[in-house]
Amino acid sequence: MTDTIAPSDTVADAVRSGELPGRVWLYSNYNCNLACSYCLTESSPRSERRQLSAEQMIAVAEQAKNLGFTALGITGGEPFLIPWLPETALAMAESLPLVLLTNGTLFTGDRFERAARLAHPDIALQISLDSHLPDVNDMARGPDNFAKVVQAVPLLIARGVRVRIATTVSGALDDPLLDPLKQLVASLGVREDDHLIRPIVRRGRADEVGLGIRAVARDIPNELTITADGAFWGSFGPTVRSGRLDTDLLLTRTILPLAVPAAALLAASRGMPAGTDARLGIR
Amino acid sequence: MPRVDLLDSECAPITVQQYFANGDPGPIVGALATVPELLEPTLGFVGAALGAGAIGVRYKEFAILRTSVLQGCDYCIHAHTAVSLDSGLSTTEVRALRGEIPLEAGFALESERSLIGWIDALAGATGPVPDDVWSAARRHWGEHVLVELTVTIGATMFLNRFATGLQLPTADHVLERLTTEGLA
Ligand code: SF4
């Protein structure tokens, strides 16, 4: 196996030159309290957890830093269903800056207090909000999603937590119909550059219902993505279709040492034609 | 029915797609692709151990077919009955290696029988290999021949257990051919 492990400076060089994106994603778990219509991982309360351990997540963070990666992201599933997640995120942020994706609907009582501990200069929470119209937002994302998010965001910001809003759209990214949403997001206290607007990617459940843009590997940013099932090309890699994990973007089943999947990602990246990801705006 | 998903070109992992570029690469690749980082090193090893080498395909097929018979691996017996015939072994020799007729009826040369004796001692038993089997083979063959044959036997045993454990299916065209030849 040794010849498949790139020396760490190779990965660091690739990150420095932009050949590899700086961020490493971790799927902390696959289960979710919601079951959105476009979910890439078919997550729901009934999904298998397929959870990374805290030790694995912290090791990924440390090794990512040593290899020369520059940022981390945690996604799922809904990470805040894991009780120890905030402490683990804080430990990971010791290594690299971290963005933590959440649907923002669990922030009441104890869970809010645990999330509020994430007021840290190197941690941002990224919460999804798809429309300024509660009904439209909740159609895809489930009942009361809108109300819970607009309630939680200002409270988190007031406690010093940095919040980013991510909006997933099926139409044009610059649609003027998005203006009222942008105003709403600003009114919640979110910085303009912390509002991301991106397309639905047609993988997972979105593919089954025919939603979103078709994406092949070269369209998907080659961010190293770590899950309990292995390492993948891109955070849109470990999708699930009809209950089965997609393996087309699987890099390796080995996740640690991180140098193993990092080397496989670099090798695969060098074998791929130039991407069109910038045009599709997938992020 | 195979016990695992046999990946096809649609779901082949990005790191091993080249193995699927020219059509169905068969169930061994389809199963191994599930752990893509193992595919290349495994195929590299198995390919070198079972493919053409210094000792020639005739003796490679002795080792592969005989080992597969001793290990009771239907998948490899089927596949390498066909490969053995394609490599120029006679039906009688194949039957002898498959244990369907006495070894002496298939192989007149003591040198070849001593080679098969080494295969039988390795793949058909556990524990230490008797000195007399080694000495008998060494009278006719150089050390490097026996080392290479030993690698082939070991790699075949790996493949036998892989194919049998995961219940890999024999390709239809192989079964049809063996049925026609009376060797199914
Ligand atoms: S899209 Fe996110 S919030 Fe919705 S079901 Fe999937 S993981 Fe949960």
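1. Let's start with the layout of chain B: the centres of its domain 1 and domain 2, taken over C-alpha atoms, lie 23 Å apart. Domain 1 of chain B covers 14–49 and domain 2 covers 54–181, with bounds that come from an automatic or database domain assignment.

2. A word on what you are looking at: this is a predicted model, where local features need pLDDT of at least 70, side-chain atom pairs count only at pLDDT 80 or more, and totals for chains, interfaces and linings use all residues. Residues are numbered from 1 along each chain as its sequence is written, chains are lettered from A in the order in which they are written, and side-chain values use heavy atoms, leaving out hydrogens and water.

3. Now for the meeting of the two domains in chain B. Nine residues of domain 1 are in contact (heavy atoms within 4.5 Å) with 11 residues of domain 2. Between them the domains bury about 830 Å², 84% of it on carbon and sulfur atoms; buried area is the accessible area (1.4 Å probe) that two parts lose on being put together, summed over both. On the domain 1 side, B:P27, B:I28 and B:A49 lose the most area, together 57% of what that side buries.

4. Which helices of chain B supply at least two residues each to the side of domain 1 that touches domain 2? They are α1 (27–32) and α2 (36–50), helices being DSSP runs (H or I, at least four residues) numbered from the N terminus. With five residues, α2(B) gives the most to that side.
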